[in-house]
Structure formats: structure tokens, C-alpha cells
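Subject: Structure handover

Hello,

Here is the structure I promised to pass on. Please open it alongside this message; my notes follow below.

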Amino acid sequence: MALSEYFPERQFRILVVDDHEISRDLTRDMLHLRGYEVWTAGNAEEAQNLVEHELPDMMILDVVMPGKSGIELCREMKDSTRTRLIPVILLTGLNDPRAKLMGIEAGADDFINKPINAQELFARVKSLLRIKQYTDELDNAEAVIMTLALSVEARDAYTQGHCARLSQHAVAMGRHLRLSGAEMVALRRAGILHDIGKIVVPDSILNKTGALTAEEWGIMRTHPMLGEKICRPMRTLEKVIPIIRHHHEHWDGSGYPDGLRGEEIPYLARILQIVDCHDALATPRPYKRALSREETRAIMRRETAVGRWDPELMPLFLNLMDHGLLEH
Ligand SMILES: [Fe+2]
């Protein structure tokens, strides 16, 4: 079900930037008649002041303006993480193929020839705003999931900062392994999201100081699969999902939920396992004190020797620890 179904219809805000007053007012009036809220600016600087204050849902920029051109303004908008998702339509002259090429290169989403044809304007605005709405929903959904994951962490007084440390350590390992940008992003997100499925585990189990009963273990062990289910609808989390599902597998096949062995376990999941194992040993838990650096190292080595962790990744992690590239 789309998130928009839970939110009332909203009015889209379109910023029209054109130095030519008559054509600016004409564009404004046409969009106004279609029910859009329209802001106008006579040049790029004025537009930037408006955007700094509040974000529009779309920008329509004239290419030729005194001072900063529409193409330059478009490039700046697309380079900034705050404004890059706002669709931009450039208004170009009929016989100006060069402006279109430069506009594409600057990240413009669409073009409209001047003088503006009203039907063309409405069609393009409508289609870009539909995409913008999906992007906003995705953004909102992702933010909700991240917050949910952190609220799961907050239920457990012993794991404060655990997610942030895992993200940081997994990314540090990824950097040394020269992983791609997309893989690094997946690891960073997985650090926060890996235990989101614990939302169904009651506090009495999560914070239990003694050993868990078989039944309690059964509940605890569902969290990777439930985490996968929660994140599955988000296409942006595609690379994170295998990490969530498999972060409790063991190299020797003794882990859960699928009992995968060795390289059957996704590579990124193996990285997260090692940093997770380290964090569990090095920080206090309801059932144990924080172990010293030496104790932590000794256990991680021993567990790798008996086949629990990736025998190539673990030495790399210990090496990074030795060189002070990870916080203890
Ligand atoms: Fe977990």
C-alpha cells in the first residue's frame, strides 16, 4: 500500500524563474489555473533565496537570464543533496540544441520550448510531479524505517550506539576492501537496520540476564527474517536485505536462519557479522561485562579457528584494530 494513501492530497509548489516579466506571469497564471501553488523569481539569486527558505516540488527555469543562467542554477540544484530530487524543467528556445545538451549535462529532467504551449506544459509538469511524489514517499518510508530501527536499539539500554558503531566499522572494513560506493552505502545502512526485526522480540527476552529458554531462542531467531520482511518493499534497500537476512549465519553452517556455509553467505553479510561479533564482545551486555581488547581478540581468533567466521576477513579486521583504524 502506498504511503500516499495515508496522507491527504497535497498542493504542489512550483517555482518559476524567468527574467522576462510577461512570460513569467503567463507561466504562473497557466499553472495557477491548474491548481498549483506558484512562486516566481526574476533571477537565479532570488530563486536561491526562496529555495533556501523552503523547498518547492518543481522548478521551471528559463535558460537565458542575466547573471546566473538557468543551466548553471540547474547544475547547482542537482549538485546539492538538499535539492537534487526536485525536478527541473528548462525553458529553451526552439532553435537551441546546444542549450538542451548543456541542460541534460546539468541534470535537467525535461525541456519546454518557448513560447510555451499550455498543453505541453501541463503534460510535462504532471508527469514529473507524479515521479516526485513517488520519490517523496520513498524518502519518507526510508526515514520511518531508519527511525524504527533506532527505536529498537533504544529499547535495550546495553546496546546504545551499537548500530552507529557497526555502520562505522563495517564501512572502515569496506574501504580497505575497496568496495564500490553502492556496497559501502549498503553496509552503512545495514549497520543501522540489521536488527530491525527485533521489534517483535519482547523486552523480557531482549534484556534477560540469564540464559534464554528454547522457546525464547525460537523467538529471538526470527529477527533476521522479520527484518527482511519489513525492508523488502523498499527498492533502495535491495542490497541491504541479504545482509539483514544472513547476519547470523556462521562460516561452518551452524548459524541461522538458513544454515548457509562459507561463501554461500553473502560477502557483505560476512563483513557485518565480524564487526557485530566484535561489538558484542567489546561492550557490556545484560549477561556479560565488556571484555578487554586482548580478551576480545583472543575469542575472535579462537572462534575463527573453529570455523565460525570468515578466515580471510577476520585477520583483516584484527589488523585494522591493531593499527588503530577502528575504535575499540
Ligand atoms: Fe541480529
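Two strands count as paired here if DSSP finds at least two bridges between them. By that rule β4 and strand β5 (residues 110-114) pair: five bridges join them, and they run parallel. One caution before the rest: this is a predicted model.

**Overall**

The chain holds 14 helices and five strands. Of its 328 residues, 34% are buried. The C-alpha atoms fill a box of roughly 75 × 40 × 30 Å along the principal axes. The radius of gyration is 26 Å, whereas a compact globule of 328 residues would have one near 20 Å.

The domain assignment gives domain 1 (3-137) and domain 2 (155-322). Their centres, taken over C-alpha atoms, are separated by 45 Å. I299 and Q133 are 166 residues apart in sequence, and their C-alpha atoms are 50 Å apart in space. I299 is part of helix α13 (residues 293-305). I299 counts as partly exposed because it has 15 C-beta neighbours inside 10 Å; burial would take 20 or more.

Residues 24 or more positions apart account for 61% of them.

**The sheet**

Five strands form an open sheet. The order is β2-β1-β3-β4-β5, and the pairing is parallel. Which strands stand at the edges? They are β2 and β5. Each has a single partner strand, so one side of each is left without a neighbour in the sheet. Neighbouring strands of this sheet are turned by 20° against each other on average, direction ignored.

Now strand by strand.

- β1 (residues 13-17) is mostly covered, with four of its five residues buried. Five bridges join β1 to β2 (residues 37-41), in parallel. R13 stands opposite E37 in β2. V17 stands opposite A41 in β2.
- β1 also pairs with β3 (residues 58-62), through four bridges and again in parallel. Here V17 has L61 of β3 as its bridge partner.
- β3 and β4 pair in the parallel sense over four bridges. M59 stands opposite V88 in β4.
- β4 (residues 88-93) is mostly covered as well: five of its six residues are buried. On the β5 side, T92 has N113 as its bridge partner.

**Crossovers**

There are two units to check. β1, helix α1 (residues 21-33) and β2 make a right-handed β-α-β unit. β3, helix α3 (residues 70-79) and β4 make a right-handed one too.

**Backbone details**

Three spots in loops deserve a check.

- The peptide bond from K114 to P115 is cis, with omega near -5°. P115 sits in the loop between β5 and α5 (118-154).
- The peptide bond from Y256 to P257 is also cis, with omega near 10°. P257 lies in the loop between α11 (241-246) and α12 (267-282).
- R178 has a phi near 55°, a positive value in a residue other than glycine. Its place is the loop between α6 (162-176) and α7 (181-193). Is R178 buried or exposed? R178 is exposed, because 8 other C-beta atoms lie within 10 Å and the exposed class takes 12 or fewer.

**Where to start**

Begin with the sheet and follow its order, β2-β1-β3-β4-β5. Then turn to the two domains, 3-137 and 155-322. Finish with the cis bonds at K114 to P115 and Y256 to P257, and with the positive phi of R178.

Best wishes

Terms used:
Residues are numbered from 1 along each chain as its sequence is written. This is a predicted model: local features need pLDDT of at least 70, side-chain atom pairs count only at pLDDT 80 or more; totals for chains, interfaces and linings use all residues. Helices (H or I, at least four residues) and strands (E, at least two) are DSSP runs, numbered from the N terminus. A crossover is right-handed if, with the strands pointing away from the viewer, the path from the first strand over the helix to the second runs clockwise. Domain bounds come from an automatic or database domain assignment. The radius of gyration is taken over C-alpha atoms; the globule rule is 2.2 Å times the number of residues to the power 0.38. Two residues are in contact if their C-beta atoms, placed from the backbone, lie within 7 Å. Axes are lines fitted to C-alpha atoms, for helices over the stretch in contact, and angles run from 0 to 180 degrees between N-to-C directions.
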